[in-house]
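The sequence and structure follow.

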Amino acid sequence: MNLAWIAAVLQPHTVAIHPNFRDEEYSREPAGQLAALLIGGDWSISGRDLPSHDAAVPYTEKILRPETVSEGAEGLINEAFSRRNRDMARSAALTLLAAFATSEMEEYDKCDSILSTMIEMSDRSPSGRLVKAILTQQRALRRRDAGLDYIDDVFDAARLLEDIDSAQLPTFTVGPGVSSTSESALEKIIYSLKRSAWSLTPYEYDTRRPFESFPSRMNRLKMPLSERMLRISTERASVYARHVRDNFTNHFTNTTVVGRSTPDLFHETLAVELLGHGEVYRARKDLATLRLVQYAEGGDARNLHVSIRLLRQAGATKELESTLERLRAAGPLSALSRDARQILLRRSTPQRLRVPELVVLRAAAELMSPSEAEQALEVVLASASAGGPPNVAGASQHRIARRGIAWRTASALASTCHKGEAIAALLLREVRDVQQHNELLDSNVAKAVNELHWKYVPGSVKSKWSEWLADADTQLLGDTAEAVALALGVAVPHEGEPSGLNEIATRLNIGMRNDFARLTDAEVLGAVDQVGADLNGTRESVARGLFSFNTRSAADIAALLLVEYPKANHLWENLAPFLISQSVPRLERTPALDRLAREKPGMPEATRAMFSQNADRFLESRDSGILWDDPVAPYPAALRFLISYNLLDDAKIIAAVARLSGHTDLQARREASRTLGALTGRAAEPWLLPLALQMSHDSDISTKSHAARFLSHVATGRGDFTAVATARLVELLTDEDGLLAPLFVLRGLEDSADLPEQVTQAISRLHHEHPSWRVRETASKLLAGLRAR
């Protein structure tokens, strides 16, 4: 048994063809060629042009590329089980590589099968036990990834390793430039594998150790890292250092780097995968996030679906959600669709469908065909019926929170395939027999209710929800009751006038959808008194250095009262000082200011005078606190408010918007673009178009989309710059791959009576070709509205 093959995959520097110490005879060794390939970088380059007499080497090269991984995996499996070469060490090494490749494709059944078969083929010799331990540890990792029980494999591998003496193992030839012996390399491999077994042992198994010498968690923490893991960590640090150096070169010198590959952590992650070490989850996340950062800086977008899959396999839900949000907004949407199809193909069982998979399915729901969405809906409902998705390995999340993600995913899918009955009935069962307040359940059901398109829910199910709303104690599930009432267009049963901010907000929200649920004059006056007192109380508390967060913003509720009920006009007396106050955090004021800027309810002259006199101080106020810090000036929400009420002259507006658009902070530049929305009434002003055009070319999709919405108003005008705005608008409608820009433009054009022909053609293409049903539907409604006019 030639253990050089084992060293090639687990301790590759021991046997690899060295880039600086060339040996013609050794360069023909397939194990040395394989090792150099797995190390990557200069090592793999050194052996690239060498002829290989073993088919395993080119097959291994294929599994290192996403486009050929399937072909490479099949080739390696055939080679591993071929009767032509019965070297068990070679077969085991190739099986390890095939296991990595098949798990990359999430073919976990095939992965488990080849590992189990090869384990059965191993003999009882010292070398055979080493091979069996290596394969068993690898199977433990892959079963963990697949949501199967794996701890017995970890303990079996640890037992086997405990009894192996490196002196009893056959020696092999080490590579040129290596001063240590093969026995030393095998000792290092054995210790690395022990560390791998320990890394997959959950904390709770300290009391169930497989044998007496198996170290406890505390002792494991005290023991040194393996040399292999230390080397991998060093190589990872070198990759990050190179990434920083390249960025420094780009930003601070005039030098252009030519001919160098992009820094990447693939080979370092592969090394951890082959060891079967628990550190693999962080390695996957780091590889994905590095690639995503490089993509955001203008890098290659072809294999973004791989980064999504890596974040899923890492269990990195937070990073995954941020990535999906960006891809949904800016594209490419194909990466999202591709990974969703991979999930349906490979991870559709309740055992394998975890929260990360649900997050992807929910994000991709509107990109699916109705038949795909229906298939996905069945999978998700099966998961919910089985108790919800399992925990990600090594993490713990409350069961209701996990089930809530399944409910929201089902709602999103039901809206695509037009089949909302099952999820609506499931949610009703969840709330029907609730006897006490459960905030987590209430929040998650309400989110799922809000996400569901109720026009696809049968009337019989809607009637049952109405009955629940009429009979249930809505105080127990207040968010759900409000969500259902809004969805069905009915009122939440109540007694007496609304009391408390939450109840006032609920009544206001429902009253906006249902005229029969609007507040009476007496209720409006009562609400004004309550909200005004709350505003005054908060302002006084903040002045004394006290502040507490509320689930509802009193200022935003006040703004909504002013928008919806003219009799609430005297609420300005309480709201204006609150909005101007520099002591009150912006997060309490911004929602109200933006609502007022959009809706522009009437304002008394005395209040206008107050804002006008305090305009400069209002704009320059900054936030600085332990829990909130918003130093951007001018204050963007205040700027939009003052513009909407014509309380600033053009010179101050130009200066303020220019300051925001030229700010180093990304959020400030986004706010500058949002502020264009308050200037649509002045769209013909010549100084605005260059600013909007520049923002429409920004690399940030939010900045670009808000600018696009402003340009939609210019393109529908009759000014001198209509042609320029129209041309850019067409580009935004046809060239943008995400959802945000086309939706913003389409909504900006909703009230247009007539559109340029090229814009109409671009909208027609969206209607017929865009992957999102929401974009297609919005474009269809806009075209129908234009024909009706």
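What volume does the second largest cavity have? The second largest cavity has a volume of about 50 Å³, a volume being the space filled by probe spheres set on grid points joined across faces, edges and corners.

## Basis of the report

This is a predicted model, in which local features need pLDDT of at least 70, side-chain atom pairs count only at pLDDT 80 or more, and totals for chains, interfaces and linings use all residues. Residues are numbered from 1 along each chain as its sequence is written, and side-chain values use heavy atoms, with hydrogens and water left out.

## Cavities

Two cavities of 30 Å³ or more are found in the whole structure. A cavity is a set of points, on a 1 Å grid over the protein atoms alone, where a 1.4 Å probe fits but cannot get out; lining residues have an atom within 4 Å of a point.

The largest cavity holds about 80 Å³ of space. Its lining includes His13, Arg228, Glu235 and His267, and α13 (266-275) contributes the largest share, five residues. In the second largest cavity, the lining includes Ser337, Arg341 and Glu372, and helix α17 (residues 333-346) gives the most, with four residues.

## Helix α8

Helix α8 (residues 126-145) has 20 residues, helices being DSSP runs of H or I with at least four residues, numbered from the N terminus. Because 16 of the 20 residues of α8 are buried, this helix is largely enclosed by the rest of the structure; buried means under 20% relative accessible area with a 1.4 Å probe, protein chains only. Just after α8, Gly147 takes a positive phi of about 80°.

Note on methods. Helices (H or I, at least four residues) and strands (E, at least two) are DSSP runs, numbered from the N terminus. The expected span of a helix is 1.5 Å times one less than its number of residues. Buried means under 20% relative accessible area, exposed over 50%, partly exposed in between (1.4 Å probe, protein chains only). On a 1 Å grid over the protein atoms alone, a cavity is a set of points where a 1.4 Å probe fits but cannot get out, and a pocket is an open set with protein on both sides within 12 Å along at least five of seven lines; lining residues have an atom within 4 Å of a point.
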